[in-house]
Amino acid sequence: MTLPERPGVPYEFVQGWAGAIHRACFVPMSRAQRCRLLSGLAGQLAAALRTEPGVVATVGRRVGVALVEAGFTAPEVLSRTITILHGRLLPDLGLTGEPAATRLAGLVEGVAEGFTRALRDRTLDDQEAIRLAATAAQAASDRALRASEARFRYAATHDPLTGLPNHNQLTGQLHRLLADPPPGARLGLCCVDLDQFAAINDRLGSPVGDRLLVAVAERLRSLATEPGQLVARHHGDRFVLLVPDSTGAEDATKLADRALAALAAPFQVDGHELSISASAGVVERPAAGASAVELVRAADVALHWAKADGRSCWALFEEQRSAADVARYRLSAALPAALRRGEFSLAYQPLVDLRTGGVLGYEALARWQHPEHGLLGADQFVEQAEDTGLIVQLGIRLLEQGCRQAAQWYAHQGDRTPYVSVNISARQLRQPGLVGEIAEVLDRTGLPPIRLQLEITESALVVTDDDTIGRLVALSQLGIRIVIDDFGTGYSNFAYLYDLPVHGIKLAGQLLRDVGRRPVPAGGATRAGRAGHAVLAALVSLGRTLGLTVTAEGVETARQAKLLRVLGCHVGQGFHFGRPAAPDQLS
């Protein structure tokens with residue numbers, strides 16, 4: 001592109017200058033824009049050479065500043081500009097002589113001075129801008145860091161779903177309260193858990209469950225009305241209410257009552273009316289010597305008690321009950337090793353014909369020769385064995401012990417041999433291979449099936465499916481007697497007495513608790529005694545009417561034995577007839 005020449009400035013000079021500085025420094029402008037800029041600056045230089053010497057330096061400085069302001073800031077630009085000016089400006093303008101050379105020298109000096117000062121000023125401005133930018137960036141970074149730290153602190157101490165304080169904040173608050181409590185200070189915790197919450201998640205979906213938790217959190221939050229009280233989401237559907245400065249257990253239990261009442265009203269969630277209940281565990285104690293971990297654990301333990309007690313209630317933590325739980329757990333944990341070491345045995349208690357007084361059989365009662373606690377009765381470990389599933393192995397092993405002992409009796413006494421009565425648990429009854437295992441035991445021990453009686457608790461027959469009924473029928477067809485144990489304890493369903501292959505019923509010992517233990521007072525029997533007598537008579541009559549052998553356990557006095565004989569009860573068992581004993585101690 002060709003530009004018009006400025007008066008007195010050859011185009012070739014402008015083009016040569018533009019080319020020289022373009023190679024020295026990149027500036028974002030087109031070739032035409034560079035030539036237009038330099039053409040103007042060259043015109044000023046040419047005019048200065050033809051004027052008075054005093055203005056030459058000023059014009060030069062102005063040209064140097066213009067170069068820097070245009071972005072030509074590289075030192076090489078100044079060097080090449082001076083070279084161009086010295087080498088071409090005077091010849092291209094047609095100027096010669098000493099005066100022109102002197103003016104050119106002043107002009108070049110002015111360009112160099114203006115360029116240098118402008119470059120210095122620009123560098124300082126850039127540095128100041130950088131400093132200000134760095135300061136602003138640092139301030140912004142500090143603000144962002146503080147905001148981020150605040151978010152992290154909030155996230156670390158609050159539940160993201162409900163906005164309540166979380167377990168970390170609860171624990172921190174407990175640590176602060178327990179670090180140096182004043183004399184006499186107390187505090188309480190109330191651990192609240194929704195009953196059957198998993199069913200809501202399963203049936204309606206977790207989004208509905210989450211919104212229900214938010215609504216629950218709001219109701220519980222409204223209960224924290226006293227200074228220092230805290231409501232936290234512990235985890236899942238479990239919440240904890242902190243009661244600082246409590247005056248006794250009543251403060252914490254009252255809060256538990258309020259919490260359960262607050263959650264009893266229906267919730268409206270996504271068009272669903274949800275009625276839920278909750279259970280609570282409460283702990284309240286002096287702050288001195290307590291720890292945060294132990295307090296939370298105690299509240300959790302009490303919550304489990306409330307769940308076990310039937311839900312929709314609260315339970316207060318008690319050290320004695322907790323110690324008993326720990327002892328039961330330790331026994332439960334020791335069961336497998338005890339079974340491997342053969343620490344379980346049987347004690348035998350006579351089953352007596354109430355009419356003749358003769359021994360008809362013996363109930364085989366489980367015993368555990370514990371290396372630390374000595375001889376333990378079945379009531380101290382069978383429930384744990386049932387819970388862990390170990391009852392299946394333990395039960396069949398004890399069954400074989402009992403059958404082997406009865407087989408020895410049979411070898412000596414023949415048909416006059418007393419039968420052995422062995423308990424079968426509900427879990428055993430549900431085992432598909434039970435009938436085969438019992439048949440194998442009889443084969444191994446040589447005991448005739450008619451000499452074996454199996455006692456099945458009444459509660460195990462509350463729900464009987466076809467498979468369970470089939471097993472009972474198969475056992476009966478082997479010739480084994482089936483007896484319903486603990487009959488009359490509250491689950492009685494008389495239909496199974498003629499639906500199932502049952503040979504007898506064994507009345508629960510508590511039915512004799514108020515019957516026949518003492519002489520009848522002069523004023524007549526008490527109401528409890530009359531009612532107990534009537535129930536006992538009805539159950540004995542029912543059993544006899546159905547053709548079943550009726551056994552009563554828990555017989556402790558001769559008066560009770562006489563009463564049972566008069567009522568028509570067939571068999572008695574209890575301390576009156578003999579305590580459980582090892583085989584070699586039986587008469």
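## Around Leu507

Start with Leu507: setting aside neighbours within four places in sequence, its contacts are Phe487, Leu536, Leu539, Val540, Val550, Thr551, Ala552 and Glu553. Keep in mind that this is a predicted model.

As a bit of background, nonpolar side chains in soluble globular proteins tend to be buried together.

## Where α2 meets α4

Ala46 comes up again in a helix pair, as one of the α2 residues in contact with α4. How do you describe a pair like this? Two packed helices are described by the angle and the distance between their axes. Here, the axes of α2 (residues 31–49) and α4 (residues 75–93) come within 11 Å and cross at roughly 70°. An angle from 65 to 115 degrees counts as roughly perpendicular, so that is the label for α2 and α4. Their crossing is right-handed.

On the α2 side, the contact uses Leu45, Ala46 and Leu49. On the α4 side, Leu85, Leu89, Leu90 and Leu93 take part. Sorted by class, the contact has seven nonpolar residues, with no polar and no charged ones.

## Two loop residues with positive phi

Which residue has a positive phi of about 50° although it is not a glycine? That's Asp270, found in the loop between β4 (267–269) and β5 (272–274). Asp270 counts as partly exposed because its relative accessibility is 45%, and partly exposed covers the range between under 20% (buried) and over 50% (exposed).

Arg311 is another non-glycine residue with a positive phi, near 70° in this case. Look for Arg311 in the loop between α10 (292–308) and β7 (314–316). With a relative accessibility of 38%, Arg311 counts as partly exposed.

Buried or exposed: which is Asp467? Asp467 is exposed, because its relative accessible area is 51% and the cut-off for exposed is over 50%. This residue belongs to helix α16 (residues 466–477).

If you want a sense of where Asp467 lies relative to Arg340, the two are 127 residues apart along the chain, and their C-alpha atoms are separated by 31 Å.

How values were computed:
Residues are numbered from 1 along each chain as its sequence is written. This is a predicted model: local features need pLDDT of at least 70, side-chain atom pairs count only at pLDDT 80 or more; totals for chains, interfaces and linings use all residues. Side-chain values use heavy atoms; hydrogens and water are left out. Contact means heavy atoms within 4.5 Å. Axes are lines fitted to C-alpha atoms, for helices over the stretch in contact, and angles run from 0 to 180 degrees between N-to-C directions. Helices (H or I, at least four residues) and strands (E, at least two) are DSSP runs, numbered from the N terminus. Angles under 35 degrees count as roughly parallel, over 145 as roughly antiparallel, 65 to 115 as roughly perpendicular and the rest as oblique. A crossing is left-handed if the near helix is turned anticlockwise from the far one by less than a right angle, and right-handed if clockwise. Ala, Val, Leu, Ile, Met, Phe, Trp, Tyr, Cys and Pro count as nonpolar, Asp, Glu, Lys and Arg as charged, and the others, Gly among them, as polar. Buried means under 20% relative accessible area, exposed over 50%, partly exposed in between (1.4 Å probe, protein chains only).
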